Amino acid sequence: MKKLLVYVITTLTFNTAIAGVLSLLLRDGSFRHNFIFAQCIGLTIALISGLIVTMMADGNKRAVVLALSLPISVAGGVTLAYWITGVGSWSDRHAWQSLVVGLFFGLIGAIAYLLTERVAAEVKQSQLIKSESEKREIEAHLKLLQAQIEPHFLFNTLANVSGLIDNDPSLAKRLLERLNDWLRVALVRARSDSTTLGDELDMLENYLEILKIRFGERLRWSIAVPEDARRSAFPPMLLQPLVENAIRHGIEPQLGGGQIEIRSQIDNASLHVEVKDNGMGLTTHAVTSGAGLTNVRARLAALFGDGGSLTLNGNADGGAT
């Protein structure tokens, strides 16, 4: 509707400008007379051309049809102007002048319209190419951020296995078996574009079981997430860095260990996920060090813009959320 309105206003303005030019050039013609003729011819051309553009696809065939329809449109506009003004007819010896002038300005208008349409199509194509390029760039950036999570966890786990081999070979074997189970699922999901929160929580349980082999009773956790939240789409490997951060900076440094609580709910069509621990609480090192939280923030910004956010707060009774 907006495009049609712009088309009509542009046509009326163009016709009025032609009437003004003719009034200046042809001293014997009144502006009213030229205005009526210009509007009748211009609107007739616009109506017929508009129908052709709507009915026919872009291409050489449409251009040929528009060229053939132009004289017919001008003749129809002149006839309409004769009828409205009551002045002149096709039997007049000067009737051909109206036809030639109408064809001249009609041709200018048609060329201007076709050029504008071509430029608009090229701009649209350029925007599509730019949009697709930006989309591929964001996807590549996300894949890079996502891939950074796996080595971080793997190096830590393998270091733990190395430390257990001499002191407790059976425990090291159990840890490797758990790691193998985790890798089977994680390497598939981590390379997918999306998963659900429920899938992420299932994989997180396996991750926590791996850590529990090393921490024993010093590591406890609870997960309270309703079914509707579990079914929600969720970026792969986005939750694990938050839990890993809580363990590394909250639970591990604390002598008696601690507990992690994972909760989630849907509120106003937004998914809220909370990772809370009762460990050491916030320290300057915990807030500024490591790539985990930075990685999560970067992925949220790339995926959701202002619609996604990460907050880190200290708890009044100890620990962080």
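**Figure 1. Strand 4 and strand 5 run side by side as an antiparallel pair.** Strand 4 (residues 258-267) and strand 5 (residues 270-277) pair in the antiparallel sense, and 8 bridges join them. Here two strands pair if DSSP finds at least two bridges between them. Helices (H or I, at least four residues) and strands (E, at least two) are DSSP runs, numbered from the N terminus. Please keep in mind that this is a predicted model: local features need pLDDT of at least 70, and side-chain atom pairs count only at pLDDT 80 or more, while totals for chains, interfaces and linings use all residues. Residues are numbered from 1 along each chain as its sequence is written, and side-chain values use heavy atoms, with hydrogens and water left out.

Which residue of strand 5 stands opposite I262? It is V275.

Figure 2. The hairpin of strand 4 and strand 5 has 2 residues between the strands. N268 lies in this loop between strand 4 and strand 5, and A269 is found in the loop between strand 4 and strand 5 too. Most residues other than glycine have a negative phi. N268, however, takes a positive phi near 55°, and the phi of A269 is positive as well, near 65°.

Are these residues buried or exposed? N268 is exposed because its relative accessible area is 70%, and A269 counts as exposed at 79% relative accessibility. (Buried means under 20% relative accessible area, exposed over 50%, and partly exposed in between, with a 1.4 Å probe and protein chains only.)

In what sense do strand 2 and strand 4 pair, parallel or antiparallel? They pair in the parallel sense, over 6 bridges. For one of these bridges, look at W221, whose partner in strand 4 is I260.

**Figure 3. Helix 6 and helix 8 pack against each other.** Two packed helices are described by the angle between their axes and the distance between the axes. The axes of helix 6 (residues 197-215) and helix 8 (residues 240-251) come within 11 Å and cross at roughly 20°. That crossing angle is why helix 6 is roughly parallel to helix 8. (Angles under 35 degrees count as roughly parallel, over 145 as roughly antiparallel, 65 to 115 as roughly perpendicular and the rest as oblique.)

Which residues make the contact? Helix 6 brings L204, Y207, L208, L211 and F215, and helix 8 brings Q240, V243, E244 and I247. (Contact means heavy atoms within 4.5 Å.) Sorted by class, these are 7 nonpolar, 1 polar and 1 charged residues. (Ala, Val, Leu, Ile, Met, Phe, Trp, Tyr, Cys and Pro count as nonpolar, Asp, Glu, Lys and Arg as charged, and the others, Gly among them, as polar.)

**Figure 4. S232 sits in a loop and is buried.** Look for S232 in the loop between helix 7 (227-230) and strand 3 (233-234). S232 counts as buried because its relative accessible area is 16%. Leaving aside residues up to four places away in sequence, S232 touches T195, T196, L197, I266 and L271.

Figure 5. F14 belongs to helix 1 (residues 2-25). At 33% relative accessibility, F14 counts as partly exposed. F14 touches F105, I108 and G109, not counting residues up to four places away in sequence. The C-alpha atoms of F14 and G42 are separated by 8.2 Å, with the two residues 28 apart along the chain.

**Figure 6. Stepping back to the whole chain.** The chain has 10 helices and 5 strands. Buried residues make up 34% of its 321 residues. Of the contacts with a separation of 6 or more, 72% join residues 24 or more positions apart.

How values were computed. Axes fitted to C-alpha atoms, helices over the stretch in contact; angles between N-to-C directions.
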